[in-house]
Amino acid sequence: MSPQAEEPTIPLLTPYKMGNFNLSHRVVLAPMARNRSHGSVPQPHSVLYYSQRASKGGLLITEATCVSDTARGYPEIPEAPGIWTKEQVEAWKPIVDAVHAKGGIFFCQIWHVGRVSNTGYQPNGQAPISSTDKPVRGMPECSPPRRLRTDEIPSIVNDFRLAARNAIEAGFDGVEIHGAHGYLIDEFLKDQVNDRTDKYGGSLENRCRFALEIVEAVVNEIGAERVGIRFSPFANYHDSGDSNPEALGLYLANALNKYGVLYCHMVEPRMMTVGGKVKCSQSLLPMRKAFNGTFMVAGGYDREDGNKAIAENRTDLVAYGRFFLANPDLPKRFKLNAPLNKYNRKTFYTSDPVVGYTDYPFLENSI
């Protein structure tokens, strides 16, 4: 059979009902920082980028999108978008419309960088906020953070609530709360970062309190059927590790059931660090079994690996990052078992509105 001849339906391309959404396949566009925004406002070139990757009944998750002016990070590179101002909401609308015009389902990932920031990116040059005052080791470009006071935490929770409301106003089908990869929520979750002695620190229950308060606030604002959340219990991104990641992941999976959220998105244990895939004996299966809603996995998946995970019922959906970035028609390529474009890591985070963004060829243009 030639590479472009259609093969029998593979597990990744079987339909799936995710709450109120009828997905035509299980291949999800993972949330990936693309940093093509200006002044935290999404730009018109994002219309093409996201619509290129949209398919009828396909789920797309946006790049991490800041919930407030204190949520911004990554100095020295072009910016991530935000969704806390009216201007940002209006800028997202044509992007969302373009995805919906192709029949796609679109979730906005809402995010606070926490201590992975710099005073130059913060309002009035203040210190970045975190669960701790410990700086990120190995990242001298990040300024020492300021530990949030207990009485300040409700206002941060409220920032996520308002961002979720704004996302719905912009037309998104739902939101994914970014609770992974060493950013603010993860800085509360992980015991190697969180050194608090108040009700947000110490025990597993206390360290998870902030994340679950955000979940509750967002669910109350827009409805549980529109809410997902992403965690990376096993990862040590941005100097944020945990001494017992399996217990952390399991606690979170069980706790989420109380709120009835639509999906839980977890990063595979093998993705310990950015871009690194290691052999490991740990698994997300206990979390998969504990969580009642749709379960989504991410982290180093290819076509074969994704098919196997679906076939063995280890997950419902598989999120693809780098492969989807370089192959805007990834579900079609998987269907035909066609060769994939190679991604160029050097153009992941540039400000160019085309190169490494919307110039990856579609299948009919690359064979």
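Guide: A residue is called buried under 20% relative accessible area, exposed over 50%, and partly exposed in between, using a 1.4 Å probe and protein chains only. The model is predicted, so local features need pLDDT of at least 70 and side-chain atom pairs count only at pLDDT 80 or more, while totals for chains, interfaces and linings use all residues. Residues are numbered from 1 along each chain as its sequence is written, and side-chain values use heavy atoms, leaving out hydrogens and water.

The account begins with the core. A nonpolar core is a set of buried Ala, Val, Leu, Ile, Met, Phe, Trp, Tyr and Cys residues joined through side-chain atoms within 4.5 Å. The largest one has 92 residues, of which Ile110, Ile177, Phe210 and Val218 touch the most other members. Helix H5 (residues 204-222) contributes the most to this core, namely ten residues. Helices (H or I, at least four residues) and strands (E, at least two) are DSSP runs, numbered from the N terminus.

Val218 deserves attention. Beyond its neighbours within four places in sequence, its contacts (heavy atoms within 4.5 Å) include Ile110, Phe160, Arg161, Val175 and Ile177.

Two of these residues, Val175 and Ile177, point to one side of strand E9 together with Gly179, whereas Gly174, Glu176 and His178 point the other way. Six of the six residues of E9 (residues 174-179) are buried. Two strands pair if DSSP finds at least two bridges between them. E9 runs parallel to strand E6 (residues 105-111), with four bridges between them, and Cys108 has Val175 as its bridge partner there. Strand E10 (residues 227-231) also runs parallel to E9, joined by five bridges, and Glu176 stands opposite Gly228.

Arg161, another contact of Val218, forms a salt bridge with Glu221 at 2.7 Å, N to O. Because Arg161 lies in helix H3 (residues 153-169) and Glu221 in helix H5, the pair ties together parts that are 60 residues apart in sequence. Arg161 is partly exposed, at 22% relative accessibility. A salt bridge is a side-chain nitrogen of Lys or Arg within 4 Å of a carboxyl oxygen of Asp or Glu. The pair of Asp186 and Lys190 forms another, its closest N and O atoms being 3.1 Å apart; Asp186 is buried at 1%, and Lys190 is buried at 0%.

Finally, the cysteines. With a disulfide taken as a pair of cysteine sulfur atoms within 2.5 Å, the count is zero. Cys208 is in no disulfide, the nearest cysteine sulfur being that of Cys264, 12 Å away. Cys208 is buried, with a relative accessible area of 0%.
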